[in-house]
Amino acid sequence: MDHADFNARWLQAWTDKDVPRLLGFYAEDARYFDPQVAAGLTGHEQLDAYLTQLFASTPPMTYTPDEVWPTQAGFCGRWWCRVDGASEPALRGFDLVVLRGDRIALN
């Protein structure tokens, strides 16, 4: 798998706030964590509900891939995020992605 390509396509789906396309990147039983859901979410149903609510309540954001480091089970991807209307020009972050085949099992 080309991790950089996967990461770029995945981040574009985040930028587009395209929930159905994003779910296509995740395994049906994927585990998802972020600061808003520190206890985590499991599966498409929970992730769909969370992302739908999240995207409805956030301004437009543009995610730009920076670097990707392969790991034994997937990759770590660093990115920039520009938030429309923010006083600061960009946020910097990263994701640890554990893959099962060509789908995200843990993020």
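Two strands count as paired if DSSP finds at least two bridges between them. The exercises below apply to a predicted model.

**Exercise 1.** Which strand pairs with S5 over three bridges, and in which sense?

Solution.
- Step 1. The pairing rule asks for at least two bridges.
- Step 2. S5 and strand S6 (residues 103-106) share three bridges, in the antiparallel sense.
- Step 3. Within this pair, leucine 99 stands opposite isoleucine 104 in S6.
- Step 4. Two residues lie between the strands of this hairpin, and glycine 101 takes a positive phi near 70 degrees.

**Exercise 2.** Over how many bridges do strand S4 and strand S5 pair?

Solution.
- Step 1. S4 covers residues 74-83 and S5 covers residues 91-100.
- Step 2. Eight bridges join S4 and S5, again antiparallel.
- Step 3. Tryptophan 80 faces arginine 92 in S5.

**Exercise 3.** Find which residues touch the most other members of the largest nonpolar core, and state which elements give two or more residues to this core.

Solution.
- Step 1. The core holds 29 residues; Trp10, Trp14, Tyr26, Tyr32, Leu51 and Ile104 touch the most other members.
- Step 2. Two or more residues come from each of helix H1 (3-15), helix H2 (19-23), strand S1 (26-32), helix H3 (43-56), strand S3 (61-70), S4 and S5.
- Step 3. Take tryptophan 10 as a case: leaving out residues up to four places away in sequence, tryptophan 10 touches Leu22, Phe25, Tyr26, Asp95, Val97, Ile104 and Asn107.
- Step 4. As a general point, nonpolar side chains tend to be buried together in soluble globular proteins.

**Exercise 4.** Is arginine 9 buried, partly exposed or exposed, and with which residue does arginine 9 form a salt bridge?

Solution.
- Step 1. Buried means under 20% relative accessible area and exposed means over 50%.
- Step 2. Arginine 9 has 42% relative accessibility, so arginine 9 is partly exposed.
- Step 3. The partner is aspartate 5, with the closest N and O atoms 2.9 Å apart.
- Step 4. Aspartate 5, at 36%, is also partly exposed.
- Step 5. Both residues lie in helix H1, four residues apart, about one turn of the helix.

**Exercise 5.** Which parts of the chain does the salt bridge of arginine 100 and aspartate 29 tie together?

Solution.
- Step 1. The closest N and O atoms of arginine 100 and aspartate 29 are 2.9 Å apart.
- Step 2. Arginine 100 lies in strand S5 and aspartate 29 in strand S1, so the pair ties together parts 71 residues apart in sequence.
- Step 3. Arginine 100 is partly exposed at 46%, and aspartate 29 is partly exposed at 42%.

Definitions and conventions: Residues numbered from 1 in each chain as written. Predicted model: local features only at pLDDT ≥ 70, side-chain atom pairs only at ≥ 80, totals over all residues. Heavy atoms only, no water. Core = buried A, V, L, I, M, F, W, Y, C linked by side-chain atoms within 4.5 Å. Buried < 20%, exposed > 50% of the residue type's maximum accessible area, 1.4 Å probe, protein only. Contact = heavy atoms within 4.5 Å. Salt bridge = Lys/Arg side-chain N within 4 Å of Asp/Glu carboxyl O.
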